Amino acid sequence: MTTTTPPATVTPPSPVTTPTHPIRLTFRGVLKSEFIKLWTLRSTFWCCVIVIVLSVGIGLLLATVQAPARAGVPVNPSPTTAAQQATAVRDATVGTGIGQLVLSVLGVLVISGEYSTGMIRSTFAAEPKRLPTLFAKAIVLGITTFVVGLVTVFGTAAIIFPLLPGIHVHPNWGDSKLELALFGAAGYLAVISLIAFSIGALIRTTAGGIAAAIGLILVAPTILDIVAATTGATWAQNLVAFAPTNAGGKLYAYVSSAPSTTSGVVSLDAHTGGLVLLAWFVVLFVAAAVLLKRRDA
Amino acid sequence: MIEAIGLTKRYGAKTAVDGIDFQVQPGRVTGFLGPNGAGKSTTMRLIVGLDRPTSGTVKLNGKRYVDLKAPLHEVGILLDAKAVHTGRTAYNHLLALAATHGIGRKRVNEVIALTGLESVARKRVGGFSLGMGQRLGMATALLGDPGILILDEPVNGLDPEGVIWVRTLARHLASEGRTVFLSSHLMSEMAQTADQIIVLGRGKIIADAPVGDIIALAAGNAVRVRTPDAARFATLLARPDVTTKITEPDLIVVNGLPAARIGELAAGSQVVLHELTPLAGSLEDAYLALTEDDVEYHAANLDEPTTPMEPVQ
């Protein structure tokens, strides 16, 4: 791309304007600024589109291959109501697996993109206390990813639920547990993206931030799973249970038994799992906030 | 007004800024000069709180930058042209920064017009040339209509028109009573723009004086002597406190002897002179003389005269 140099204004007009209201730094202004920043980058739009399209697509694929006519597999002709609802929730939220990865990348980019381009210096020159910027970014990102999660999960549900009676699953929208699980999936996506955002704020580079976020979300639980499966060690099984994906996954599981400890192995439910997920976010976010305040920009 | 007291910044074992004290007064343009690595940019980053001082303080109108109620309105900063997200358009970049202070679209459009960015305002910054980036940096600095302007190398990458524009703007802003603090490596530019010069070398202030005084420091005693008999005359001039340098086959630059005395010596030795010119120092000479021992990164010696000197008018 070539840019032409416009003619220079050699005689500068006075840059003084009389503002109609006092110019002042406010948290509301910082929030608005972060909202503008998020939605004036193409990557945001594309991340959200990819999440919605991929998630709905995967949900649709799963619902379709389950249909007995297509798959030719024997289907339990009379599953319990709870089992039907669990299947419906599972199919509607199957896209969170891929959605969380894309939204993690978005979460890291929100802050690492500013460091890699140098934008962070303009940001902190305008808002030198820094923490309001971190909070505003987290709020804007959290709301955005929650809304994307809602659109994804409820959109998937609306599209695939009419197909489910084909496999003798009759989703019941009136079931508050089903709706809670769908909201839980959206909340899960939002908190996962905030965890990735905190990691991005700690690491400050895009490549490092994405690697660390994906490592925590995808790789670490898988490795722990293998260790737990091969050794059967209690500590490994407990670590698996407390990994953000597994603990947070309880938020959108329709059937969740009460938290329990069976021969030393912890099992979480939606509430405790959600709290563990939040704890991951809070610890990483506080660490990011402390370092943000202390480090040179 | 900007006031630094005992300002120090260390990065590990390296001291970038070493306990400097200075004041930048309103109503005039203060130039900030120094070789690469002298600590100019670090000082500017310390002023606006991007870096945290190891010790010492720097205040703007009596307040730390972080405590300002409206940083963009009180201080406009151009730290480097690349402090912009490359994926965003110039307009959206300015709009996002303006939003923090409740500055409206009208002012965003004003600074775009003021900096001549109208034709590219809706293009993404990633495709900007260095000069366009500088203009956007100036637009960002002017956004809040600030009383203090801190500009790090504002003319870097600008075309001659842009250079004149920045110079005119800096003088105009100072004439309105604003504080203008700018660094530049173009000494001639500084001589035309600045009223006061602060020279920094290896993190310490070497000089802080009106531009005229700084130039006077270098108004040394160099004399240009052109003679067909250069080699012989140079040996005749040799004295313990005199240096001679044959820069061209028939040209000697003499330091340490007044022109009149050189003329007398030439007459006494029957040497034909074609030229005998006392040389005035320029800001550039003054700067080089001042920072001679403080240059962090010396270029390889190319065995050339460092700067062409200007004859006295």
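**A guided tour of chains A and B**

Begin by selecting A:Phe35, A:Trp39, A:Phe45, A:Trp46, A:Ile50, A:Leu54, A:Ile58, A:Val94 and A:Ile98, which make a nonpolar surface patch of about 790 Å². Such a patch joins nonpolar side chains (Val, Leu, Ile, Met, Phe, Trp, Tyr) within 5 Å, from residues with over 30% relative accessible area and no salt bridge. A salt bridge is a side-chain nitrogen of Lys or Arg within 4 Å of a carboxyl oxygen of Asp or Glu; accessible areas follow the Shrake-Rupley method with a 1.4 Å probe.

This is a predicted model, in which local features need pLDDT of at least 70 and side-chain atom pairs pLDDT 80 or more, while totals for chains, interfaces and linings use all residues. Residues are numbered from 1 along each chain, chains are lettered from A, and side-chain values use heavy atoms, without hydrogens and water.

Next, select helix 2 (residues 42-66) of chain A, where A:Ser55 is found; helices (H or I, at least four residues) and strands (E, at least two) are DSSP runs numbered from the N terminus. Helix 2 of chain A gives the largest share of the patch, five residues. Is A:Ser55 buried or exposed? A:Ser55 is buried, at 3% relative accessible area, whereas A:Ile58 is partly exposed at 31% (buried is under 20%, exposed over 50%, partly exposed in between; 1.4 Å probe, protein chains only).

Finally, turn to chain B, where six strands form an open sheet in the order 5-6-7-3-8-9, with mixed pairing (two strands pair if DSSP finds at least two bridges between them). Strand 5 (75-78) and strand 9 (204-210) of chain B stand at the edges, each with a single partner strand, so one side of each lacks a neighbour in the sheet.

Note on methods: Patch = residues over 30% accessible without salt bridge, like charges linked within 9 Å, V, L, I, M, F, W, Y side chains within 5 Å.
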